[in-house]
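Hello,

Here is the structure I said I would pass on. Please open it first, then read the notes below it.

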Amino acid sequence: MNAASQEKLGDALTYLMAILIAAFFLTPLAWLLSLSLRTRQEVFLGAARFIPKRPTLDNFAQILSDPTFLLYLWNGLKLSALGGIGCLLVAAPAAYAFSRFRFSGKSALMMVILAFQMISPLVILVPLYRYMSALGLINSHFGVTMVYIAISVPMCTWLVKGAIDGIPKSLEEAAAIDGCSRFGTFWRITLPLAAPGLASAFILIMILNWSQFLIPFLLLNKDAQLPISVAIFNFAGTSNSSSTQVLAAACLVAVVPAIIAFLLLQRMIVGALTAGAVKG
């Protein structure tokens, strides 16, 4: 087998693997879509009929006209956005310090920060609950937001540092010669030039926060404060087969915005991830 044939075979195997992976992740979404378009009677057919005989959008109309469901969506959006904004406020100065300052142990400290990102929230659930309870932050969006920020800062710091590393230091040196302070240089020169990287990090953190389940499930008990992820879980635990189609529609409404955001902004997100990996 010559080199050209080997290359074609390798490409074919790569595409085959990509198709299998895509099918693995898209099949649940397709099944959700099938369920969400069914009537109550067709739900009982199960997999016997994948395409509904009489597709309907009544399930989507039902959930989108429910003020409680809209409140859950708003809670999820608010927590995700506040967590993303707070994360940038903490990570941007830290990333600037790691990118521009020289101090002993900088590389080791960066690895320690990255190691914290690898800790599963499951490991800290019990002490986290006791700590937040002692602070009086149970059933508080502020407390959930603070936890969102804490668990997202390590990755966000790496992403923003990669964006700042790509900015020539000569621009900051020229600003310093003109009398600009260190903070003024950071605020007026570095941050505007790193805006694409900041936007990418914010979008990625928002998507991750939107999909958070364990933290709000642990810290929020009041129904009016729940984000959409926890609300759907609670609804699934109390629903029956007659409301399966409504649950499927709610799941799609909760999942699709994050997927669409990633597909539309994937170049920015992948660019930020690549910059962080190469520059870090």
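This is a predicted model: local features need pLDDT of at least 70, side-chain atom pairs count only at pLDDT 80 or more; totals for chains, interfaces and linings use all residues.

Start with how the chain is divided. Domain 1 covers residues 3-37, and domain 2 covers residues 63-278.

Next, the interface. Five residues of domain 1 are in contact with eight residues of domain 2. The size of an interface is often given as the accessible area lost when the parts come together. For domain 1 and domain 2, the buried area is about 510 Å², and 88% of it is on carbon and sulfur atoms. On the side of domain 1 that touches domain 2, four residues are nonpolar, one is polar and none is charged.

What about salt bridges across the interface of domain 1 and domain 2: how many does the rule find? The number is zero.

Last, the empty space. Rolling a probe the size of a water molecule over the atoms shows where empty space is left. In the whole structure, the search finds one cavity of 30 Å³ or more. The largest cavity holds about 30 Å³ of space. Among the residues that line the largest cavity are Gly-76, Leu-79, Tyr-148, Trp-210 and Pro-227. Ser-80, Asn-209, Gln-212 and Ser-229 also line the largest cavity.

Regards

Note on methods
Residues are numbered from 1 along each chain as its sequence is written. Side-chain values use heavy atoms; hydrogens and water are left out. Domain bounds come from an automatic or database domain assignment. Contact means heavy atoms within 4.5 Å. Buried area is the accessible area (1.4 Å probe) that two parts lose on being put together, summed over both. A salt bridge is a side-chain nitrogen of Lys or Arg within 4 Å of a carboxyl oxygen of Asp or Glu. Ala, Val, Leu, Ile, Met, Phe, Trp, Tyr, Cys and Pro count as nonpolar, Asp, Glu, Lys and Arg as charged, and the others, Gly among them, as polar. On a 1 Å grid over the protein atoms alone, a cavity is a set of points where a 1.4 Å probe fits but cannot get out, and a pocket is an open set with protein on both sides within 12 Å along at least five of seven lines; lining residues have an atom within 4 Å of a point. Grid points are joined across faces, edges and corners, and a volume is the space filled by probe spheres set on the points.
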